[in-house]
Amino acid sequence: MLEVLNHPLILHKLTIMRNKETGTKDFRENLDEIAELMAYEVFRNIPVRPVNIETPMGPTVGYELDKPVVIVPILRAGVGLLDGIRRLVPTARVGFVGLYRDEETLEPHEYFAKFPKDLDKSTVLVVDPMLATGGSAIDAIKLVKDRGARNIKLVCLVGAPEGVKAMQQAHPDVDIYLAALDDCLNDIGYIVPGLGDAGDRIFGTK
Ligand code: PRP
Ligand code: URA
């Protein structure tokens, strides 16, 4: 399943992020706000279960999330989505996957992985602003699957058709949520029109 969240507020904030004149502070703040809006949309499809509770007026049936939530940002840029999602799901636990893309081959290389327990019983959101070739997200999802995760959603800001296709082939069971589906990759593996290098723009490293 691929869902592109064409929400006016998300589009507005994403346009600020795409603009090359936007500096680190505004880039990061808009990403944080989009993360919260995206989480709101993604959680529309999350199952709930009934619970018996007592209000001050008497008994009733309420609802709670059926599974605990684990957020897995792909380092570095995925960290930019973490706080916004956690504001809506403050009980979520957090795992990390460290991957960097070789600039020549575009192959992802793993340098860190740390996960909470019970991934098999959780809804796992793997998050990264960019889905370019798809290599990084495909590897990150393989890592969480190797630790038992079965209920996985991929949340990215901007995707390329090439990355979506590769992801759907590698992990057809994973739902993909994007704020925008862009045109293509360029010859150095960047998304066009995209927003440039997300990690560099979040952390001011270039
Ligand atoms: C970027 C981005 C994704 C990856 C996407 O990370 O944040 O993780 O590239 O590209 P792919 O779909 O072709 O794998 P990068 O490797 O630049 O690392 P960084 O987050 O540390 O900047
Ligand atoms: N990584 C980024 O940060 N931007 C792209 O366009 C592609 C990969």
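Keep in mind that the model is predicted.

I'll start with the helices. Two packed helices are described by the angle between their axes and the distance between the axes.

Which residues of α1 and α2 meet? From α1 there are L9, I10, K13, L14, I16 and M17. On the α2 side they meet F27, N30, L31, E33, I34, L37 and M38. Sorted by class, the contact of α1 with α2 has 10 nonpolar residues, one polar and two charged.

The second pair is α4, residues 135–146, with α5, residues 161–170. Here the axes are 9 Å apart and the packing angle is about 25°. The cut-off for roughly parallel is an angle under 35 degrees, and α4 and α5 are therefore roughly parallel to each other. The crossing of α4 past α5 is right-handed.

As for who touches whom, A137, I138 and I141 of α4 meet A166, M167 and A170 of α5. That contact has six nonpolar residues, no polar ones and no charged ones.

Now the backbone. Where are the cis peptide bonds? One joins L75 and R76, with omega at about -5°. R76 is placed in the loop that runs between β4, residues 69–75, and α3, residues 82–88. Another cis peptide bond joins V192 and P193, and its omega is about 0°. P193 is in the loop between β12, residues 191–192, and α6, residues 198–203.

One more backbone item is L106. This residue is not a glycine, yet its phi is positive, at about 65°. L106 belongs to the loop between β6, residues 96–101, and β7, residues 108–114.

Last, the rings. How many aromatic pairs does the structure hold? The count is one. There is also a charge over a ring: the charged end of R101 sits over the ring of Y190, 5.5 Å from the ring centre.

For anyone opening the model, the backbone spots to look up are the L75 and R76 bond, the V192 and P193 bond, and L106.

How values were computed. Residues are numbered from 1 along each chain as its sequence is written. Chains are lettered from A and ligands numbered from 1 in the order in which they are written. This is a predicted model: local features need pLDDT of at least 70, side-chain atom pairs count only at pLDDT 80 or more; totals for chains, interfaces and linings use all residues. Side-chain values use heavy atoms; hydrogens and water are left out. Contact means heavy atoms within 4.5 Å. Helices (H or I, at least four residues) and strands (E, at least two) are DSSP runs, numbered from the N terminus. Ala, Val, Leu, Ile, Met, Phe, Trp, Tyr, Cys and Pro count as nonpolar, Asp, Glu, Lys and Arg as charged, and the others, Gly among them, as polar. Rings of Phe, Tyr and Trp (its six-membered ring) pair if their centres lie within 6.5 Å; planes under 30 degrees apart count as stacked, over 60 as edge-to-face and the rest as tilted. A charge sits over a ring if NZ of Lys or CZ of Arg is within 6 Å of the ring centre and within 35 degrees of the ring normal. Axes are lines fitted to C-alpha atoms, for helices over the stretch in contact, and angles run from 0 to 180 degrees between N-to-C directions. Angles under 35 degrees count as roughly parallel, over 145 as roughly antiparallel, 65 to 115 as roughly perpendicular and the rest as oblique. A crossing is left-handed if the near helix is turned anticlockwise from the far one by less than a right angle, and right-handed if clockwise.
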